[in-house]
Amino acid sequence: MDILVSPLLANLNREQAWLEHGFGTRTSNLDQSGMASLKQIHSKTVLLGRSPGCAGEGDALTTSIVGLPISVRTADCFPILLADPETRTVAAVHAGWRGTAARVAQAAVARMRAEFGADARNIHAAIGPGIAKCCYEVGEEVARQFGMQHSGKLDLAVENAGQLIAAGVNAARIDLVGGCTFCNAAKFFSWRRDRDQGRMVSFIRRLA
């Protein structure tokens, strides 16, 4: 299966293999049936992953349960995976422009802190593939929500990285995995390019 991995998150296993993660592509064929998932609604709602299956309506999941994969689906929106090696808490975030405007990644960090005592300074974050600035033209209404005065090209990966930094995550612990979903039709699904052809699953799981 063609699954992308963040070197930053993979490096957390250098002393003990406690974490598994992956960003899906159009050929990954990842099955969410054994994963905690969401009915995604483009919000900043963060739910707890307790068991496989749909946890409810929201756009981020967090858990500290050993062996439970938590997952999101994307096709231009950005998947963001978070891991705290101190508390061994993980989170999976779905961030489109609405969720990014609502600061869903920051909400995930806050929920990790509230539920599990995670310190943002210990959190490692990987921002997976999504529609990159090269291909993401937005109108004035959307642009203004990100401090832009006029319509133009929006960089959601950078916006989310900035929001994570504002939440207390160290910039050196944020990995922009890269890959434009719109540009690369052979590798990624893109809602903007193809409309409704498929979604890619990204997941993270605490192993120990």
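Good morning. A residue is called buried under 20% relative accessible area, exposed over 50%, and partly exposed in between. By that scale R193, at 23% relative accessibility, counts as partly exposed. The model I am presenting is a predicted one.

The side chain of R193 meets that of D194 in a salt bridge, with 2.8 Å from N to O. D194 is likewise partly exposed, with a relative accessible area of 23%. Across the whole structure, a search finds seven salt bridges.

One of the salt bridges joins the side chains of E57 and K39, at 3.5 Å from N to O. E57 belongs to strand β5, residues 53–57, and K39 to strand β3, residues 36–39, so this pair ties together parts that are 18 residues apart in sequence. E57 is partly exposed at 45% relative accessibility, and K39 is partly exposed with a relative accessible area of 49%.

The other example is a pair within a helix. The side chains of R111 and E115 form a salt bridge at 3.0 Å, N to O. Both residues lie in helix α3, residues 104–116, four residues apart, which is about one turn of the helix. R111 is partly exposed, with a relative accessible area of 24%, and E115 is partly exposed at 37% relative accessibility.

Let me turn to strand β8. How many of the seven residues of β8 are buried? Seven of the seven, across residues 78–84, so the strand is largely enclosed by the rest of the structure. F78, I80, L82 and D84 point one way from β8, while P79, L81 and A83 point the other way, and all are buried.

Strand β9, residues 89–95, pairs with β8 in the antiparallel sense over seven bridges, and the bridge partner of L81 in β9 is A92. β8 and β9 form a hairpin with four residues between them. In that turn, R88 has a positive phi of about 55 degrees. Strand β10, residues 124–127, also runs antiparallel to β8 and is joined to it by four bridges. In β10, L81 stands opposite A126.

The largest pocket holds about 470 Å³ of space. Of the 21 residues that line this pocket, the closest to its centre are H42, A75, D76, C77 and W191. Several elements each supply at least two residues of the lining: β7 (69–74), α2 (97–101), β11 (137–138) and α6 (191–194). By class, the lining has nine nonpolar, six polar and six charged residues.

The second largest pocket has a volume of about 240 Å³.

I now come to the cysteines. How many disulfides does the model contain? The count comes to zero. A disulfide requires a pair of cysteine sulfur atoms within 2.5 Å. For C54, the closest cysteine sulfur is that of C77, 17 Å away, which is too far for a bond. C54 is exposed, with a relative accessible area of 53%. C180 is in no disulfide either; the nearest cysteine sulfur, that of C183, is 3.6 Å away. C180 is buried, with a relative accessible area of 9%.

Finally, a remark on G152. This glycine lies in strand β12, residues 152–153, and counts as buried at 11% relative accessibility. G152 and F116 are 36 residues apart in sequence, and their C-alpha atoms are 39 Å apart in space.

To close, I return to two points. Strand β8 has seven of its seven residues buried, and the model contains seven salt bridges and zero disulfides. Thank you for your attention.

Methods
Residues numbered from 1 in each chain as written. Predicted model: local features only at pLDDT ≥ 70, side-chain atom pairs only at ≥ 80, totals over all residues. Heavy atoms only, no water. 1 Å grid on protein atoms, 1.4 Å probe; cavity = no way out; pocket = protein on both sides within 12 Å on 5 of 7 lines; lining within 4 Å. Points joined across faces, edges and corners; volume = space filled by probe spheres on them. Nonpolar A, V, L, I, M, F, W, Y, C, P; charged D, E, K, R; others polar. Buried < 20%, exposed > 50% of the residue type's maximum accessible area, 1.4 Å probe, protein only. Pairing = 2+ DSSP bridges. Salt bridge = Lys/Arg side-chain N within 4 Å of Asp/Glu carboxyl O.
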